[in-house]
Amino acid sequence: MTDVERQTALEAIAADVRVCTDCRLHETRTKAVPGEGAPDTEVVFVGEGPGFNEDREGRPFVGRAGDLLVKLLGSIGWRREDVFITNVVKCRPPDNRDPQPDEIAACAPFLRRQLEVLDPAVVVTLGRYSMATFMPGVRISQAHGTVRAIDPATGAASATAFAMYHPAAALRTQAIERESYADIANVPGTLIASRARRDAAQGRAKTPEPEMAPPLESESEPDLEPELENVQTPSAASEDATPQLTLF
């Protein structure tokens, strides 16, 4: 598939998202938020759902959490235009509540179609609800910064999942912000390993499988983080992050 064909396919999915009435979230949205980014990217960031600013603009991660995401990307020498950014649910849950299982299920075909078109090497999950789609049954406090092979049924046929806290959680807690900078510093290496694994699977090289995270306990944990994108709590960006690799 050419870049033009990918872009056309992504625009068709976005058009379907904007008129979707498959769950109750369409009743209260201002604008649906399909997602945006480079059609030729190898990395997709998947958050939870739009917040207040995203609902007004129809674009993902344009609030305070989005500002931090841009800084996190900048710490490894990437820009938001280099990746594709979307969410598990494409319409804002009222009052930024957690998305409900039926709402996530209703939006799942859109995310699956996007991943089928993009065919990423790495999917970076932002927050618990995104992580649960690609790393079911684990706790984010244990899984953040780890990788796992993705079930092809998600639409990402041969991708690696990399778990991170949602930037909104980092805005609330400096310790999580520091961990987020440390975690994203490992994304470029994950991309290199995933590329090698995909090449090996296609017979282009003999490369060992990337080390996957060990099985983690499936336990419930307290809701410690509001994961929607427009959290208003101020936080200073980390000054310790070091660029490692450009994406293209």
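Analyst: A residue is called buried under 20% relative accessible area, exposed over 50%, and partly exposed in between (1.4 Å probe, protein chains only). The model is a predicted one, in which local features need pLDDT of at least 70 and side-chain atom pairs count only at pLDDT 80 or more, while totals for chains, interfaces and linings use all residues. Numbering starts from 1 along each chain as its sequence is written, and side-chain values use heavy atoms, without hydrogens or water.

Of the 248 residues in the protein, 50% are buried. The protein contains 9 helices and 6 strands (DSSP runs numbered from the N terminus: H or I of at least four residues, E of at least two). Among contacts (heavy atoms within 4.5 Å) with a separation of 6 or more, 79% join residues 24 or more positions apart.

A cavity here is a set of points on a 1 Å grid over the protein atoms alone where a 1.4 Å probe fits but cannot get out, and lining residues have an atom within 4 Å of a point; points are joined across faces, edges and corners, and the volume is the space filled by probe spheres set on them. Its lining comprises 13 residues, of which C20, C23, R29, C91 and C107 are the closest to its centre. By class, the lining of the largest cavity has 8 nonpolar, 2 polar and 3 charged residues (nonpolar: Ala, Val, Leu, Ile, Met, Phe, Trp, Tyr, Cys and Pro; charged: Asp, Glu, Lys and Arg; polar: the others, Gly among them). Helix α4 supplies the largest share of this lining, with 3 residues.

Helix α4 (residues 101-118) also meets helix α1 (residues 3-18): their axes come within 10 Å and cross at roughly 175 degrees (axes are lines fitted to C-alpha atoms over the stretch in contact, with angles from 0 to 180 degrees between N-to-C directions). Helix α1 is therefore roughly antiparallel to α4, a term for angles over 145 degrees. On the α1 side, R6, A9, L10, A12, I13, D16 and V17 make the contact, and on the α4 side F110, R113, Q114, V117 and L118. These residues divide into 8 nonpolar, 1 polar and 3 charged.

Two individual sites extend the picture. T125 belongs to strand β4 (residues 122-126) and is buried because its relative accessibility is 0%. Beyond four places in sequence, T125 is in contact with V46, S130, M131, F134, F162, A163 and M164. M135 sits in the loop between α5 (128-134) and α6 (140-143), and its 1% relative accessibility means that M135 is buried as well. With residues up to four places away in sequence left out, M135 touches A143, T146, V147, R148, A161, F162 and A163. M135 is also 7.6 Å from I150, C-alpha to C-alpha, although 15 residues separate them in sequence.

Two loop residues have positive phi without being glycine. F61, with phi near 50 degrees, is located between α2 (52-57) and α3 (64-74) and is buried at a relative accessible area of 1%. D95, with phi of about 60 degrees, lies in the loop between β3 (84-87) and α4; D95 counts as exposed because its relative accessibility is 73%.

Methods:
Parallel < 35°, antiparallel > 145°, perpendicular 65-115°, else oblique. 1 Å grid on protein atoms, 1.4 Å probe; cavity = no way out; pocket = protein on both sides within 12 Å on 5 of 7 lines; lining within 4 Å.
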